[in-house]
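Have a look at the model first, then read on.

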Amino acid sequence: MAKILIVEDDANLRMLMTLRLKSKYDIVSCADGAAALEKYEEGGIDLIVTDLMMPGMDGYALVENIRSLGHNTPVIMLTAKDGINDKGRGFAVGTDDYMTKPVNFEELVWRIDALLRRSKIANEGKIAIGDVVVDKQSFTVTRGDEVFELPTKEFQLLYLLLSYPGKIFTKENILDSVWGYSSESDEYTVRTHINRLRNKFECFPEFEIVTIRGVGYKAVIKK
């Protein structure tokens, strides 16, 4: 069970968040940034949900301190503010996601699970989808006894899409992420690699690569 640190100076909201989340996660909570930093330094925290406006050390300072320690623990910042400048500052100091109060707890759980999944992928270098394992260390896709060794760009493209299932990547996004800004590759290159991946994994029931006409591509995980 993932261990979540809740940082919220409003005692009632802190208690409510704990009650709503404790069935899915191991919850620890603090009333301010300074106490949260001490708790975090004890270790074992998988994700932080923190208020922005708090007495003493606010959410910005908390995230800055954690990032200065060299840690990439995912952080969701809660705020009553919805200004673009506030969000910009939050992302600049290392916040991973933002939610505006009042909190929709169903959405909060979705966001927590998505960040935990991405954090696990980043730490382990592997994506597991049913019986399929996509391994970043060996550039292989394994399913049962089948092992597919992919060329570098094909693997990077597949890994990118499967790291964010349901997210639409434009052709420009893909070119920048997989081939780099300075590459002379074009949309035809992307389309060619997409088609190669589809041909190789068309019989896999676990996932598919979907074309969003006029926009780009996304990976869909099949239940």
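Does Tyr164 count as buried, partly exposed or exposed? At 28% relative accessibility, Tyr164 counts as partly exposed (buried is under 20% relative accessible area, exposed over 50%, partly exposed in between, with a 1.4 Å probe and protein chains only). Bear in mind that this is a predicted model, where local features need pLDDT of at least 70, side-chain atom pairs pLDDT 80 or more, and totals for chains, interfaces and linings use all residues. Numbering runs from 1 along each chain as its sequence is written, and side-chain values use heavy atoms, leaving out hydrogens and water.

**Aromatic pairs**
- The count comes to eight aromatic pairs (ring centres within 6.5 Å; planes under 30 degrees apart are stacked, over 60 edge-to-face, the rest tilted; Trp is taken by its six-membered ring).
- Phe148 and Phe204 make an edge-to-face pair, because their centres are 5.6 Å apart and their planes at 70 degrees.
- That pair links distant parts of the chain, 56 residues apart.
- Phe204 is buried at 4%, while Phe148 is partly exposed at 21%.
- Tyr164 and Phe169 are also edge-to-face, with centres 6.1 Å apart and planes at 65 degrees; Phe169 is buried at 5%.
- One aromatic cluster is formed by Phe148, Phe201, Phe204 and Phe207.

**Charges over rings**
- Arg143 puts its charged end over the ring of Phe204, 5.2 Å from the centre (CZ of Arg or NZ of Lys within 6 Å of the ring centre and within 35 degrees of the ring normal).
- Lys167 has its charged end over the ring of Tyr164, 5.1 Å from the centre.

Note on methods. Helices (H or I, at least four residues) and strands (E, at least two) are DSSP runs, numbered from the N terminus.
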